[in-house]
Amino acid sequence: MSAEMRDVAPGLWLWRREYPDWRPEAGWEPFVSSTCVTSGGEVGLLDPLAPPADASEVWKRLAVRPPTVVVVLKPDHVRDVDLFVRRYGARAFGPSLFWRDDIPKTELEPIEPGSKLPGGLVALYDGRGRNETPLWLPEQRALVFADALTAPGGELRVWSTPWHEERALPALRTLLELPFEHVIVSHGEPVHSRAAYERALELPPWSG
């Protein structure tokens, strides 16, 4: 199969595939993850990149419980939100602002830190100044990040910003108040534990 599927917790799974336009100088590994969560009667896709046409098992699984919500967590993670909205008639949520050359055709309902989404998902503040809104999935006790954290070589790290100590670390430490057990990231090894998150906050930031 051209896309890997992985179950994380009941009602929470993901698939990984190679990013179509990946280049070695990108600063991140070629495979990226897309997350699917069932919560509060809704089925949400988070930063989804469409599986290849021949990834039949992923498409079959999506067809069994079609997505009702699609969420873009960061302006440069538009990916395939338009495809999934057309295919499943899902509601779409995401940032208010996008890069001029990467704008979804779909009109997204804006989210910001503190926003509560269908299914009980909650948008969070990551302090990095990249307009990213990680999500808290209370039913699965999981955090899902776009790029605030990454896992090059399998090790969870905070992605570097010029204000790492001043803004990012305090915001990310605040998230420890949530009773999460799982951490999902887009780039690198996708699934991590709370202990790995705590360790990442003590490591030097990842600069690619």
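Let me start with what covers the buried residues of α1: the list includes β1, β2, β3, β4 and α2. Covering here is contact, meaning heavy atoms within 4.5 Å. Helices (H or I, at least four residues) and strands (E, at least two) are DSSP runs, numbered from the N terminus.

This is a predicted model, where local features need pLDDT of at least 70, side-chain atom pairs count only at pLDDT 80 or more, and totals for chains, interfaces and linings use all residues. Residues are numbered from 1 along each chain as its sequence is written, and side-chain values use heavy atoms, with hydrogens and water left out.

Which residues of α1 are buried? Val58, Trp59 and Leu62, where buried means under 20% relative accessible area, exposed over 50%, and partly exposed in between (1.4 Å probe, protein chains only). Seen down the axis of α1, these buried residues fall within an arc of 95 degrees, so they line one face of the helix. The arc is taken from the directions from the helix axis to the C-beta atoms. On the other side of α1, Lys60 and Val64 are exposed.

Now the sheet. It is open, with seven strands in the order β1-β2-β3-β4-β5-β6-β7 and mixed pairing; two strands pair if DSSP finds at least two bridges between them. β1 (4–9) and β7 (109–110) stand at the edges with a single partner strand each, so one side of each has no neighbour in the sheet. Strand β6 (residues 91–94) runs parallel to β7, joined by two bridges. Glycine 94 has proline 110 in β7 as its bridge partner.
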